[in-house]
Amino acid sequence: MPNIAIIGGTGLTQLAGLTLTEQKLVETPYGEPSAPIKIGQLAGQQLAFLARHGDPHQLAPHQVNYRANVFALKTLGVKAIYAVNAVGAIKTTMPPAHVVIPDQIIDYSYGREHTFFADERAVEHIDFTYPYSDTLRQALLVAADKAGVQCTDGGVYGCTQGPRLETKAEIDKLERDGVDIVGMTGMPEAALAREVGIEYASLALVVNMAAGRSQGVITMDDIEQALEDGMGKVLTILTHAIT
Ligand code: HPA
């Protein structure tokens with residue numbers, strides 16, 4: 001069984017290069033995960049891959065069953081998750097197609113099933129001071145360095161509810177809060193992984209400048225272009241990190 005899993009976000013529904021050995025549709029007490037979990041080998045390393053939004057991409061960020069996704073990976077014996085997240089950037093030092101390895105989170109999402117400590121499970125207040133695994137973050141940074149891919153070490157990920165993008169005033173507020181990059185899927189995924197003891201880190205790919213941080217409106221065409229330009233870097237970092 002694989003120790004490592006990749007959760008692919010927008011623009012990463014299928015993992016090119018994964019030699020598939022098995023697909024598992026895991027039932028959990030929380031329902032079904034977004035898609036069957038693919039198990040196979042990437043660069044000789046066994047791993048699991050899960051498409052967060054389904055395969056094909058069909059679930060909006062607030063519709064993803066984060067509990068089922070994380071629980072299913074836990075059931076398979078996964079010990080470490082590399083999560084890929086598309087984000088908007090508030091800082092001009094993080095242009096489209098740039099990769100950020102965030103080190104902090106502010107959660108603005110709401111109404112999502114966000115904990116395993118509900119119902120019959122006794123409440124445990126997990127430590128979340130440092131929401132991402134330092135071990136996995138360092139592995140990603142070393143991998144990026146080895147691969148010669150420039151990326152930003154650290155940054156505050158703000159998780160908004162979506163699926164709409166933000167207003168300029170909302171982004172101004174997030175900036176005052178200290179947010180560097182904004183996405184819709186970082187939470188509750190990271191906290192759920194911590195609750196079940198899975199190491200977790202994020203590779204955030206900037207796909208647009210956040211609202212009011214560039215000229216004009218944000219178009220899906222521009223986002224798709226940035227995904228195309230940047231996803232290769234994400235895959236290169238991941239491949240180096242797991243081997
Ligand atoms: N805001 C929130 N989530 C996002 C964005 C954004 O600008 N871009 C990609 N995901």
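This is a predicted model: local features need pLDDT of at least 70, side-chain atom pairs count only at pLDDT 80 or more; totals for chains, interfaces and linings use all residues.

Reader: What makes the protein as compact as a globular protein of its length?

Author: Its secondary structure comes to five helices and eleven strands; helices (H or I, at least four residues) and strands (E, at least two) are DSSP runs, numbered from the N terminus. The radius of gyration is taken over C-alpha atoms, and the globule rule is 2.2 Å times the number of residues to the power 0.38. For 243 residues that rule gives 18 Å, and the protein has 17 Å, which is close, so it is as compact as a globular protein of that length. The C-alpha trace spans about 45 × 40 × 30 Å along its principal axes.

Reader: Why is Met184 called buried?

Author: A residue is buried if 20 or more other C-beta atoms lie within 10 Å of its own, exposed if 12 or fewer, and partly exposed in between, with C-beta atoms placed from the backbone. Met184 has 26 C-beta neighbours inside 10 Å and therefore counts as buried. Its place is in the loop between strand 10 and helix 4. By the buried criterion, 47% of the 243 residues of the protein qualify.

Reader: Which positions does UniProt give for the feature "binding site"?

Author: The unreviewed UniProt entry places that feature at Met184, Asn208, Met209 and Ala210. UniProt positions are given in the numbering used here, feature names are shortened, and annotations may be inferred rather than shown by experiment. Of these residues, Met209 lies in strand 11. Met209 is buried because 21 other C-beta atoms lie within 10 Å.

Reader: How do you know which residues are around the ligand?

Author: A residue is near a molecule or strand if its C-beta atom, placed from the backbone, lies within 6 Å of it. The residues around the ligand are Ala86, Val87, Gly88, Thr160, Leu165, Glu166, Val182, Gly183, Met184, Val207, Asn208 and Ala210. Two or more of the shell residues come from each of strand 5 (80-89), strand 10 (181-183) and strand 11 (199-209). Strand 5 gives the most, with three residues.

Reader: What makes a residue of this shell nonpolar, polar or charged?

Author: Ala, Val, Leu, Ile, Met, Phe, Trp, Tyr, Cys and Pro count as nonpolar, Asp, Glu, Lys and Arg as charged, and the others, Gly among them, as polar. On that basis the shell divides into seven nonpolar, four polar and one charged.

Reader: Why is helix 1 described as largely enclosed?

Author: Nine of the ten residues of helix 1 (residues 66-75) are buried, so the rest of the structure largely encloses it. Among them are Tyr66, Arg67 and Lys74. The buried residues of helix 1 pack against strand 1 (4-8), strand 3 (37-42), strand 4 (45-51), strand 5 and helix 4 (189-195). Just after helix 1, Gly77 takes a positive phi of about 95°.

Reader: Which residues does Leu174 touch, not counting those up to four places away in sequence?

Author: Two residues are in contact if their C-beta atoms, placed from the backbone, lie within 7 Å. With that exclusion, Leu174 touches Ile90, Gly158, Val179 and Val182. The C-alpha atoms of Leu174 and Gly158 are separated by 7.4 Å, but the contact rule refers to C-beta atoms.

Conventions: Residues are numbered from 1 along each chain as its sequence is written.
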